[in-house]
Structures are given as C-alpha cells and as structure tokens.
Amino acid sequence: METSDAQITTTTAAADGVADTKTSDNLITDEINSLHELALRGSWKTILEKVSAARSFSQLRYPHEHLVYLAFNAVALSKLRRYSDALDDIESSLENLDNSSYRYESYPNVYPNRTGSMIPFSLRWLQALLPSFLGRRADSLDRLYLLLQFVRARIDEGCNGEVWRRRENFVLSTIISQHSNQKEFGVCFSLVKEMLKKDMGNLSLISKLGYVQLQFGDLEGAKLSFQKVEDLMKEKEENLSVEVQNLVGRNKALIYMVGKDYVSAVREYDECIERDGSDVVAINNKALCLMYLRDLSDSIKVLENSLERVPTVALNETLIVNLCSMYELAYVNHTDIKKTLSNWIARLAPDDFDPSCTRI
C-alpha cells in the first residue's frame, strides 16, 4: 500500500538563521559538500569516519561547522539504526537549543552582519523524533508538537515564508506518521484537514487524506478525495507532469485493490510504470496484485525486473520483503534463492539497507 515517507531525512545543513553557513575556509566548505554527496549515495559509514577525523584533528574552526558536522553525524547514526547513539550525540553536544551561544550575533567578529540561530533544522527535528525509536513515544510527540510551535512562531515573525512553510508541512507529516503508526487515524484526519486549509489545491495532501480515510474504512470518502485530485489534475491538463498523472493512477488502482478488483488495479499500475519505469510504488503494488491473482511467477518477474532495471530505486526493504515472501510461496529451495539475492544486495545497497529483510 502507499504510505507517506517517514524515513530519516538526508537534509542536514539548513540552518535556522537568515544567513548561509559558508566560511572563508574553502577546505571546510568542500568537506561539507563532500559529506552531502556521501549522504546522497547512502555512504553513512564513511560520513561517520570523516566526522570523527575532523573532530579528532581539530579541523572545525567555527561554531557553525561543529553544528553542521554534528547534524551529519546524527543523521548517519540514525540511518544506521544507532538511534540511542544519535540522540546521545545531540544531547551531549548541545545545551538548550535556544541558547545564545548558538546564534550568529554572539560572534560578531566571526559572522559580521549575520543574525539568527545557526542550528541546522535537522538537529531540532532529530532531537524530537529519535525518542520514538527508543520506546519513548509520548516524549517524542511532545517534542514534535513543540517543534511545530517553534516553526509557526518563525512564520508569524515573518521569516522566509517558503522555507518555514515547508518545514511546517514536514513536521506535520512526521506527527501524522507517528499517530498513524498507533492507528490513531482520527487525529491523522484532523491534521491533514488542517494542512489542507492552508494549501487546498495540494494534490499530494488531498491524496493523503484519501489514504487516511481508507485506513478507518471510509471508502466513499476516499473515493471523493481521489476524484477531487483527478478533477484538479484535469484543470491543469496543459501542464501535467508524469508525477501527477501517476499519483492519480495509483489512487485509482488503490480503490480497485480495496475492492479486490486486482485485474483493473494491474492495468492502472501498468500505465503508471509505462509513464515512469522507476515508480517503485506502482511496481511493488502491481506485483502484489498479481500475487493475489495467484500468478506468483509473473509477480516475481515484476520485482526482479525492477531490481535489474532501476536497482537504486527498487532496493528498498518493503519491496525485498515482498519478493522474499513470494520466493517462499513459489519455491522449495527458497533459502538458496534468497541467499543469492542477499549477496547481490550486499554489493549494491547503501549502508542503511537492512539485510534482515531477506529473512534468511
């Protein structure tokens, strides 16, 4: 099924302040760019090594550099599922996040004419989110709602509206994911409706509303939400992107899946894949539909072909879990097949890929 993206973000270096975080030291700036490239490739272990080396050899000269490196280190630890280490690193390195020592104006000789907090926003977000991975869900929710208040205060102060609006939506999406994990769909519904008041034409948000409605059994409500998405798409017919067309196609297919009309769902997913061969949601759900139609051979081929064609996109734990489940249903020697798959994954997967999803 389609879900919202609740994974740990790789966006690390965006500070809260009004200025950028560049320095006159080209070496450090290049190193930060290098860390960003490593993050995009999923080389989280290498990031930890680089941060450790920079700290050990005192390469970080300015206050904001320590914070940017702390952000990269915390994200890398989180991606490697070392949640306790990530939270400990943040909380042992930072005092009160609103402490004046983390503001540009506290160092006028280093940052002339710069104001605002130099703390990367991702540190605030991780400090709020990480307790949820450590069995402290209530603590995490409290922190996330406080972070939401902080973001809205910045919007009210007239800070960069577009940036802080995006952050508001990002934090709200995280909160929705937390409530969804606990099946608190009524809260999710209210939060998505709240988001839509500020962005009524957002097709992704309206679709998300439909997904929530499906979760608590409101099929007719979900159909209305998805129909609204399609109607809005038709109004923008001249500027239709493949992404929007596939959003509408996946919504249609989802309704078919709920109604157990798997043949029609496969047709919709085929159209999505034809438009975008890397649409991993369509690929995964098409394979599931074929499995429900008792066509295990073709469902396995769909997933295997996607791994061959677009391995960087298709290599995610959900797809691999489904493929291994199909192997277990289809083959007596499924353990050997899964070992071959696991060895192939080990050569290509990013550091944060969870190898246990092959269930060997």
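Arg-294 is exposed, with a relative accessible area of 78%, in this predicted model. Arg-294 sits in the loop between α13 and α14, and its phi is positive, about 65 degrees, although it is not a glycine. The protein around it consists of 17 helices and zero strands. Its radius of gyration is 23 Å, close to the 21 Å that the globule rule gives for 360 residues, so the protein is as compact as a globular protein of that length.

**Overall dimensions and surface**

- The C-alpha trace spans about 70 × 50 × 40 Å along the principal axes of the protein.
- Of the 360 residues in the protein, 47% are buried.
- The protein exposes about 18,400 Å², and 49% of that area is supplied by carbon and sulfur atoms.
- When contacts between residues at least 6 apart in sequence are considered, 58% of them join residues at least 24 apart.

**The nonpolar core**

- The largest nonpolar core has 107 residues.
- Residues with the most contacts inside this core are Ile-47, Leu-94, Leu-123, Tyr-269, Leu-307, Ile-320 and Leu-341.
- Helix α3 (residues 63-79) gives the most to this core, with ten residues.

**Tyr-269 in helix α12**

- Tyr-269, one of the residues with the most contacts inside the largest core, lies in helix α12 (residues 262-275).
- The relative accessible area of Tyr-269 is 0%; because buried means under 20%, Tyr-269 counts as buried.
- Leaving aside neighbours within four places in sequence, Tyr-269 touches Arg-250, Ala-253, Leu-254 and Met-257, among others.
- Its contacts also include Ala-282, Asn-285, Lys-286 and Cys-289.
- Tyr-269 and Asn-285 are 16 residues apart in sequence, and their C-alpha atoms are 7.6 Å apart in space.

**Helix α11**

- Helix α11 (residues 242-258) has 17 residues, which should span 24 Å at 1.5 Å a residue; its end C-alpha atoms are 24 Å apart, in agreement with that value.
- The buried residues of α11 are Asn-246, Leu-247, Val-248, Gly-249, Arg-250, Asn-251, Ala-253, Leu-254, Ile-255 and Met-257.
- Several buried residues of α11, including Arg-250, Ala-253, Leu-254 and Met-257, are also in contact with Tyr-269.
- The cover over the buried residues of α11 includes α9 (203-215), α10 (219-235), α12 and α13.
- Lys-260 follows α11 and has a positive phi, near 60 degrees.

**Helix α14**

- Helix α14 (residues 296-309) has 14 residues and reaches 20 Å from its first C-alpha to its last, close to the 20 Å expected at 1.5 Å a residue.
- Ser-299, Ile-300, Val-302, Leu-303, Ser-306 and Leu-307 are the buried residues of α14.
- Seen down the axis of α14, these buried residues fall within an arc of 155 degrees, so they line one face of the helix.
- Among the elements that cover the buried residues of α14 are α13 (280-292), α15 (311-314), α16 (317-330) and α17 (334-348).
- Leu-307, buried in α14, is also one of the residues with the most contacts inside the largest nonpolar core.

**Helix α5**

- Helix α5 (residues 121-129) is mostly covered, with nine of its nine residues buried.
- The buried residues of α5 are Phe-121, Ser-122, Leu-123, Arg-124, Trp-125, Leu-126, Gln-127, Ala-128 and Leu-129.
- One of them, Leu-123, is among the residues with the most contacts inside the largest nonpolar core.
- The buried residues of α5 pack against α3, α4, α6 (137-156) and α7 (161-181).

**Loop residues**

- Arg-81 is found in the loop between α3 and α4 (83-93).
- Phi of Arg-81 is near 65 degrees, a positive value in a residue other than glycine.
- Arg-81 has 35% relative accessibility and counts as partly exposed.
- Phe-133 is found in the loop between α5 and α6.
- At 36% relative accessibility, Phe-133 also counts as partly exposed.
- Phe-133 and Gly-221 are 88 residues apart in sequence and 33 Å apart in space, C-alpha to C-alpha.

Key
Residues numbered from 1 in each chain as written. Predicted model: local features only at pLDDT ≥ 70, side-chain atom pairs only at ≥ 80, totals over all residues. Heavy atoms only, no water. Core = buried A, V, L, I, M, F, W, Y, C linked by side-chain atoms within 4.5 Å. Buried < 20%, exposed > 50% of the residue type's maximum accessible area, 1.4 Å probe, protein only. Helix = DSSP H or I, 4+ residues; strand = E, 2+ residues; numbered from the N terminus. Contact = heavy atoms within 4.5 Å. Expected span 1.5 Å × (residues − 1). Arc of directions from axis to C-beta. Rg over C-alpha atoms; globule rule 2.2 N^0.38 Å. Areas by Shrake-Rupley, 256 points an atom, 1.4 Å probe, with all protein chains shown as cover.
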